[in-house]
Amino acid sequence: MSGDKVRLNTEWLCDCGGCHVALVDLHEKILNVLEKVEIQKCPVLTDEKGYPEADIGILTGSVRTEHDRHAAMEMRRKCRTIIAFGTCAVYGGLHGAGLAHSREEIMDHVYRHSPTTRTDFIPGNSISGLEKMVTPIDEVIDVDLYLPGCPPHPHFIFEGLSALVEKRSPRVGQESVCAGCRRTMVRTEVDTLREPNEGVPDNATCFLSQGYICQGSVTLDRCLAPCPNHGMPCSGCAGPTMQVLTEPTRDIRTEISERMSRLTKIPYETIRTHLEKSAKTQYAYAMATKMIGNKPTFLIRKWIAEGEAQP
Ligand code: SF4
Ligand code: SF4
Ligand code: SF4
């Protein structure tokens, strides 16, 4: 503690920057936080290059480069409590989809072919090297608090930070996104799967009942269900529910296939095959975590094995 204030460091690893924007975008609640917290290091607010001793350390992003690994270890060394903030930090996040490609393919695409970042060369030692895997931070350092979400909703950020400052357990539930969704699951005669952009879904009925894949029932509620309540199926960005994570035989494809085939006339096998074929999308946010990578979903295992086989 510095005076009466809690000292806070934040650091970003391999990420999109969205979690740090969410952190400083607590609206008027940021004032409540600033009353109790002294922000010592934060890439979007301060120019601190080192790692001062701190009470709380917030890490966003996953470990993908040598620099990420170094930064995560320095944060652990200097911060009494570490929060894995955001789905990238907790489960690897969208970068997990990179495991489906070699490092050479990724570098080649980013530096030679991507329309927005294209150059004529691939940098060598001038940038931090890509590691073989995308790694959630608790596989590199010990983590004290997990706050998934892409990014986490301000309600949960404020509750998580308040709980730490007040030295109590966070008041958060373990419900799925369905708990906050206003749609109703009903049995229908729907017999074909629909793509998200196909047709106009009815606003009162569960997407699954209408033939659209929605991951709400397998996703932890850390967002208050904005997508299904505003016309979009949930894509699972907050990461899986505890049931999916902890029960070895349960995973995203079996849970959704069972539920959807009970609600519609679409056969279980049809849904399951569709989910396997689009596994890179369906599992994108949590693919890098061992809890999901070790599920019996052979495509994910294959991608991860290919990543590990690289020199
Ligand atoms: S969790 Fe989402 S918002 Fe946060 S850094 Fe990762 S991709 Fe960006
Ligand atoms: S599966 Fe999706 S649409 Fe259906 S109740 Fe759950 S969140 Fe809502
Ligand atoms: S509803 Fe699903 S996709 Fe939308 S923010 Fe919540 S977890 Fe993410």
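Axes are lines fitted to C-alpha atoms, for helices over the stretch in contact, and angles run from 0 to 180 degrees between N-to-C directions. Helices (H or I, at least four residues) and strands (E, at least two) are DSSP runs, numbered from the N terminus. This is a predicted model, where local features need pLDDT of at least 70, side-chain atom pairs count only at pLDDT 80 or more, and totals for chains, interfaces and linings use all residues. Side-chain values use heavy atoms, without hydrogens and water; residues are numbered from 1 along each chain as its sequence is written, and chains are lettered from A and ligands numbered from 1 in the order in which they are written.

**View 1. Helix α9 packs with helix α10.** Two packed helices are described by the angle between their axes and the distance between the axes. Here α9 (residues 252–263) and α10 (residues 268–277) make an angle of about 145°, with axes 9 Å apart. On the α9 side, I252, R253, T254, I256, S257, E258, M260 and S261 make the contact (heavy atoms within 4.5 Å). Their partners in α10 are Y268, I271, R272, L275 and E276. This contact has six nonpolar, three polar and four charged residues. Ala, Val, Leu, Ile, Met, Phe, Trp, Tyr, Cys and Pro count as nonpolar, Asp, Glu, Lys and Arg as charged, and the others, Gly among them, as polar.

**View 2. A cis peptide bond joins C150 to P151.** Omega is near -5° for this bond. P151 sits in the loop between β7 (145–147) and α6 (154–165).

**View 3. K167 has a positive phi.** The value is about 55°, although K167 is not a glycine. K167 lies in the loop between α6 and α7 (226–229).

**View 4. Ligand 2 and its shell.** The residues here are C178, C181, R183, M185, C206, F207, L208, C214, G216 and P228. Eight are nonpolar, one is polar and one is charged.

**View 5. Ligand 3 and its shell.**

Terms used:
Near = heavy atom within 4 Å.
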